[in-house]
Amino acid sequence: MLHTQAPQINEIIEKAVNQAQEKKEPQLISVVDQIEPSDPFQFLDAGTSINNHCLFWRSAEEDFTMVAVGSAHKMYAGKENRFSEIQVMWDNIQQSASIYDEFNEKGTGIVALGGFSFDSKQKEKGPWESFPDSQMTIPAFLLTNKGSKSYLTTNVLIFPEDHKQQIITQLSDHREVLLNSGRHSFVLPVRKESEEIDPSGWKKSIEQATEDIKKGLLDKVVLARELRITFNEPVQLAAVIAALASTQPNSYIFAFESEGEYFVGATPERLAKLDNQQLVSTCLAGTIRRGRSKEEDEQLGEELLYDPKNRQEHQFVVEMIRHAVEACCYNVQIPEAPVLYPLKNLQHLYTPVTAVLEKGYTLLDVIERLHPTPALGGMPQKKSVDYIRTNEKLNRGWYAGPVGWFDMHNNGEFAVAIRSALIKSDKASLFAGCGVVEDSDPEAEYEETDVKLKPMLSVLGGC
């Protein structure tokens, strides 16, 4: 990887074209500029007019947002070793790229954004035909907002047959659109109709799962259901993302595109974050609604903290994450008891996990060990995933899978893609699940999923 201060983009393009012709192979260049503070939602809206491959990420705990437009390169992998295959591709790309970056800020330069499906062995495709089992994108343009500062990364994969002036003109035109478009008003979609997918059948599957758990087939399993919505017109992506960011301040806000469809959400659940070698993971399991008054809210919180079913579910997650993190980290720190993590509609049991990543391991190594946690799959891990594949009434696709990013500075973060929806023009599929143990009540679990659907429903046509 070559690091150098950035000369004029014209000189960089000319040099890269010459190198591509001499070596007879593509050359990836990455140029980072600090720009005037930019509105990420306007940037996203302008980006959709250039290229429908737009991606969005906002952190749940810091003032950090990335908006990606277009693709300089996409990484896909097979079903069996998808995490390690993506890592090999990423290492190869970094070694051969030319980086023009004098800032070295997190989330700038060559950054990969994307995700993975929940279960790569799932045979049923619908409604996820457009989303592969893994897809990580190095964007053509990347806006990175960190605190009050904004950076624009331009990534270009240049081929031997490319023409310098054509590339320069196109980059200049696109940059003008992204940074200087007028402000647009965002309009949320209007719901025309909605359809719950076999709610009675889903409740019966909960009953069956409790029986199977009592028989000792497994300890816990998470089962999800689907709600389908039709709108009056195609959904405006920037409007939905801006509304999620406004209404879900303590959640990760994300959007990922594939073949014209968007997977979007507001998830509170971090899978793992890496800052240099410092690793943070999160145990977030056990759920109850928020109260209508301060007194009711506190009462519900106390109920959650001391509820045996939710504490058991939470402890499953704590122990699994402990085991996974200890396999590739040292100095692992885990509090003895959970605390409450409040969101707009829900509150959860929360336990943070911190550690130092051992040399030789990567963030994707950790993600592979953690996914899926008992909060999204069950216990034991393999048995619960097999059970979901056989008994769940839907194909999860990227729902409950790992989504996130990593950069060339050894930073990155992945979250669990819950509180989410798959948007296809004027239609959307929303997903929500719950953890089933031996004393689970189907009606109570159904009501819990109703509450979990509210964050997405609130921006997709109302509750």
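**Notes on the predicted model: salt bridges, helix packing and backbone details**

1. Glu-226 counts as buried, at 4% relative accessibility. The cut-off for that label is under 20% relative accessible area. Its salt-bridge partner is Arg-228, with 2.9 Å between the closest N and O atoms. Arg-228 has a relative accessibility of 39% and therefore counts as partly exposed, since that class lies between the buried limit of 20% and the exposed limit of 50%. This is a predicted model, and the points below should be read as such.

2. How many salt bridges does the structure hold? The count is 28. One of them joins Lys-273 to Glu-61, with the closest N and O atoms 2.8 Å apart. This pair links distant parts of the chain, its members being 212 residues apart. Lys-273 is in strand β15 (residues 270–275), and Glu-61 is in the loop between β3 (54–58) and β4 (64–69). The lysine end is buried: Lys-273 has a relative accessible area of 13%. Glu-61, at 48%, is partly exposed.

3. Another salt bridge is formed by the side chains of Arg-396 and Glu-392, at 2.8 Å from N to O. Are its two residues buried or exposed? Arg-396 is buried, with a relative accessible area of 3%. Glu-392 is also buried, with a relative accessible area of 10%.

4. Salt bridges that share partners also build a network, which takes in Glu-61, Glu-62, Lys-106, Arg-270, Lys-273 and Glu-413.

5. Helix α2 (residues 40–50) deserves a separate look. At the start of α2, a side-chain oxygen of Asp-39 comes within 2.8 Å of the backbone nitrogen of Phe-41.

6. The crossing is right-handed. On the α1 side, Ile-9, Asn-10, Ile-13, Glu-14 and Val-17 make the contact. They meet Lys-164, Ile-167, Ile-168 and Leu-171 of α4.

7. Which residues of helices α3 and α9 meet? Phe-83, Ile-86 and Gln-87 in α3 meet Leu-364, Ile-367 and Glu-368 in α9. Helix α3 spans residues 82–96 and helix α9 spans residues 363–370. Their axes are 9 Å apart, and the packing angle is about 170 degrees. That makes α3 roughly antiparallel to α9.

8. Cis peptide bonds are worth checking by eye. The bond from Gly-126 to Pro-127 is cis, with omega near 0 degrees. Pro-127 is found in the loop between β7 (111–116) and β8 (134–138). The bond from His-371 to Pro-372 is also cis, with omega near -10 degrees. Pro-372 is placed in the loop between α9 and β20 (378–379).

9. Lys-24 has a phi of about 55 degrees. Lys-24 sits in the loop between α1 and β2 (27–35). At 69% relative accessibility, Lys-24 counts as exposed. Asn-104 also has a positive phi, of about 55 degrees, and is not a glycine. Asn-104 is in the loop between β6 (98–100) and β7. Its relative accessibility is 44%, so Asn-104 counts as partly exposed.

How values were computed:
Residues are numbered from 1 along each chain as its sequence is written. This is a predicted model: local features need pLDDT of at least 70, side-chain atom pairs count only at pLDDT 80 or more; totals for chains, interfaces and linings use all residues. Side-chain values use heavy atoms; hydrogens and water are left out. A salt bridge is a side-chain nitrogen of Lys or Arg within 4 Å of a carboxyl oxygen of Asp or Glu. Helices (H or I, at least four residues) and strands (E, at least two) are DSSP runs, numbered from the N terminus. Buried means under 20% relative accessible area, exposed over 50%, partly exposed in between (1.4 Å probe, protein chains only). A polar contact is a pair of N or O atoms within 3.5 Å; within protein, one must be able to donate a hydrogen and the other to accept it, and residues adjacent in sequence count only if both atoms are side-chain atoms. A crossing is left-handed if the near helix is turned anticlockwise from the far one by less than a right angle, and right-handed if clockwise. Contact means heavy atoms within 4.5 Å. Axes are lines fitted to C-alpha atoms, for helices over the stretch in contact, and angles run from 0 to 180 degrees between N-to-C directions. Angles under 35 degrees count as roughly parallel, over 145 as roughly antiparallel, 65 to 115 as roughly perpendicular and the rest as oblique.
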